Amino acid sequence: MEEIQTITPEELQKKLEAGEELELVDVREDNEVVFGMIPGAKHIRMGDIPDKLDYFDKDKEYIFICRSSARSGNVCHYLQDQGFKVRNMVGGMLAWPGETEYTE
């Protein structure tokens, strides 16, 4: 199994503050994202990823986020095996120091 690239929450925050356009995907459940997501992240539950492969573009890199980085790591392994460019945010939302936006 090929190693998954990672990004720290602090590295991600710096990229967002610098205005970089990033493809962020939050794979937590609905009852988790209501407490806040990283602004600009797309919400696709982990269990829905196999049905949403047409959302992803093999020319783009996606950063995956969950609560602690375990589920997002699993998603990264799955998508990397499908030929997609992925990174896992280590520590997940538990480690996120930046702003969040709330969904209803």
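Me: Which strands do the buried residues of α3 pack against?

Reply: The buried residues of α3 pack against β4 and β5, where buried means under 20% relative accessible area, exposed over 50% and partly exposed in between, with a 1.4 Å probe and protein chains only. Helices (H or I, at least four residues) and strands (E, at least two) are DSSP runs, numbered from the N terminus. This is a predicted model, in which local features need pLDDT of at least 70 and side-chain atom pairs count only at pLDDT 80 or more, while totals for chains, interfaces and linings use all residues. Residues are numbered from 1 along each chain as its sequence is written, and side-chain values use heavy atoms, with hydrogens and water left out.

Me: Which residues of α3 are buried?

Reply: Ser-72, Gly-73, Val-75, Cys-76, Leu-79 and Gln-80. They cover an arc of only 160° around the axis, so they sit on the same side of α3. The arc is that of the directions from the helix axis to the C-beta atoms.

Me: Why would residues three or four places apart point the same way?

Reply: Because an α-helix has 3.6 residues a turn.

Me: What span does α3 reach?

Reply: α3 has twelve residues and reaches 17 Å from its first C-alpha to its last, close to the 16 Å expected at 1.5 Å a residue. The expected span is 1.5 Å times one less than the number of residues. Just after α3, Gly-83 has a positive phi of about 100°.

Me: On to the sheet. What is the strand order?

Reply: The order is β1-β5-β4-β2-β3, in an open sheet of five strands with parallel pairing. Two strands pair if DSSP finds at least two bridges between them. β1 (5-7) and β3 (42-43) are at the edges with a single partner strand each, so one side of each has no neighbour in the sheet.

Me: How many bridges join β2 to β4?

Reply: Four bridges join β2 (residues 23-26) to β4 (residues 61-65). Glu-23 is opposite Tyr-62 in β4, and Asp-26 is opposite Ile-65 in β4. Asp-26 also stands opposite His-43 in β3; β2 and β3 pair over two bridges.

Me: And what about β5, which residue there is the bridge partner of Glu-61?

Reply: Lys-85. β4 and β5 pair over four bridges, in the parallel sense. Three bridges join β1 to β5, and Ile-7 stands opposite Met-89 in β5.

Me: Which strands does helix α1 lie across?

Reply: α1 (residues 9-17) lies across β1, β2, β4 and β5 (85-89), at about 70° to β1. Helix α3 (residues 70-81) packs on the sheet too, touching β4 and β5, and its direction makes about 170° with that of β5. Contact means heavy atoms within 4.5 Å. Axes are lines fitted to C-alpha atoms, for helices over the stretch in contact, and angles run from 0 to 180 degrees between N-to-C directions.

Me: Is Lys-14 buried or exposed?

Reply: Lys-14, which lies in α1, counts as exposed because its relative accessibility is 60%.
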